[in-house]
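Dear colleague,

Please find below the sequence and the structure that I am handing over to you. I would be grateful if you kept them open while reading the notes that come after.

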Amino acid sequence: MAETLAESKTETRLDTPWNVVVHNDPVNLMSYVTMVFQKVFGYSREKAQTHMLEVHYRGRSIVWSGVRERAEFYVQQLHGYLLLATLEKPE
Amino acid sequence: MLIRRLNDDSIEFADIEPVEAELLRQVSVIGEAHGDAGAEARLFSAPAAPSETQFLKDWEEYVRPELRHLFLAARKVVEEDVSTLSAKAGRFSRMVFPLSHGEAWLSALNQARLILAAKFDFADAELALHEVPKTLTKRGLVLLQINFYAAIQERVIEALQGEDDGYDAVDVG
C-alpha cells in the first residue's frame, strides 16, 4: 500500500497595522496639539511634545499605529479636537 | 483682560475691556455663521485618501454629524458663559466659569480661529507673525482677533493643566 503524505500548509496573516497621521496646520497652537496628544493617546508630555515638534517641523507625524478599528477611532477623536488627522496604510 | 484659575476649580476672566467683551461674544457667533466653503472644508477635513471610499462614505454619514454636534455644543457652552459677563463699576466686566468648560472654550476658540483664517485666506507666514500690523485694514484686524483668541487659548490650556498657581493673573491683552 502506497503511503500518502499529506502536506499541510498553515498561513498566518497578520492584520496590517494602520497609521494615524497628524498633519501640520498653522492655526493650532503647539501647546494645544501637545495637550491633545496627551489626552487622546495618554502620552507623557515628553512623548506628546516629540510628536508635536515632528508635525511642526516635518509637516506630519505618525502618532499611532495598530489595528484599523482603533486607528479609525483615534482619527475621529483627533478631528473632534480639530486637528488635521488621517488614516493611512503603511507603504 | 486677566485670566486665572481660581482655587475652586474655576477659571476667571477679569478686567475685560468693552472691546474684549465684544470679541468674546463673537467667538460663538463666528462658528455659527461661517457658511464658507473653505472654512467648512477645514472644520471637516478629509480623514483618509479618496481610495478609502467606504470609510469616507461612512464618515460622511455617521461621524460628520457627530462632529458638527460636538462643535455646536462647545459653542453653546461658550455662549452661555459669555452671557454671564457682568459689568463692574466702571468699564470692566468679569466672568467665571467651571474648569470643566475649559475644553469647550478651547474648541470654540479653535473653531473661530480656523474659520477666520480660512475665510481671509491667511498664509502660514502671516499666521506665524505676532506683530501689530502697520496699517489697520480689516484683514489686519482679523489677524489681531485670531492672535487674541490664541492668547486666550494659551491661558486656558495653562489653567487646565494646573500650571497657574491659583492667584497670579496674567495679562492677555
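Predicted model: local features only at pLDDT ≥ 70, side-chain atom pairs only at ≥ 80, totals over all residues.

Sheet of chain A

Chain A contains an open sheet of 3 strands in the order S2-S1-S3, with antiparallel pairing. Strand S2 (60-66) and S3 of chain A stand at the edges; each has a single partner strand, so one side of each is left without a neighbour in the sheet. From one strand to the next, the twist averages 25°. Strand S1 (residues 18-23) of chain A pairs with S3(A) in the antiparallel sense over 5 bridges. Within this pairing, Val20(A) has Leu87(A) of S3(A) as its bridge partner. Helix H3(A) lies across S1, S2 and S3 of chain A and runs at about 170° to S3(A).

Contact between the chains

On the side of chain A, 16 residues are in contact with 21 residues of chain B. The elements of chain A that give two or more residues to this side are helix H1 (30-41), helix H3 (68-80) and strand S3 (84-88). By class, the side of chain A that touches chain B has 10 nonpolar and 6 polar residues, and no charged residues.

Helix pair in chain B

How do the axes of helix H3 (residues 53-82) and helix H4 (residues 102-119) of chain B cross? They come within 8 Å of each other and cross at roughly 105°. An angle of 65 to 115 degrees counts as roughly perpendicular, and H3(B) and H4(B) are therefore roughly perpendicular to each other. H3(B) contributes Phe71(B), Ala74(B), Arg75(B), Val77(B) and Val78(B) to the contact, while H4(B) contributes Ala104(B), Trp105(B), Ser107(B), Ala108(B) and Gln111(B). By class, this contact of H3(B) with H4(B) has 7 nonpolar, 2 polar and 1 charged residues.

Two residues with positive phi

Leu82(A) is not a glycine, yet has a positive phi of about 65°. Leu82(A) is placed in the loop between H3 and S3 of chain A. Is Leu82(A) buried or exposed? Leu82(A) counts as buried because it has 26 C-beta neighbours inside 10 Å.

Asp121(B), also a residue other than glycine, has a positive phi near 50°. Its place is in the loop between H4 and helix H5 (124-128) of chain B. Asp121(B) has 9 C-beta neighbours inside 10 Å and therefore counts as exposed.

With kind regards

Terms used. Residues numbered from 1 in each chain as written. Chains lettered and ligands numbered in written order. Axes fitted to C-alpha atoms, helices over the stretch in contact; angles between N-to-C directions. Helix = DSSP H or I, 4+ residues; strand = E, 2+ residues; numbered from the N terminus. Parallel < 35°, antiparallel > 145°, perpendicular 65-115°, else oblique. Contact = placed C-beta atoms within 7 Å. Nonpolar A, V, L, I, M, F, W, Y, C, P; charged D, E, K, R; others polar. Pairing = 2+ DSSP bridges. Buried ≥ 20, exposed ≤ 12 C-beta atoms within 10 Å, placed from the backbone.
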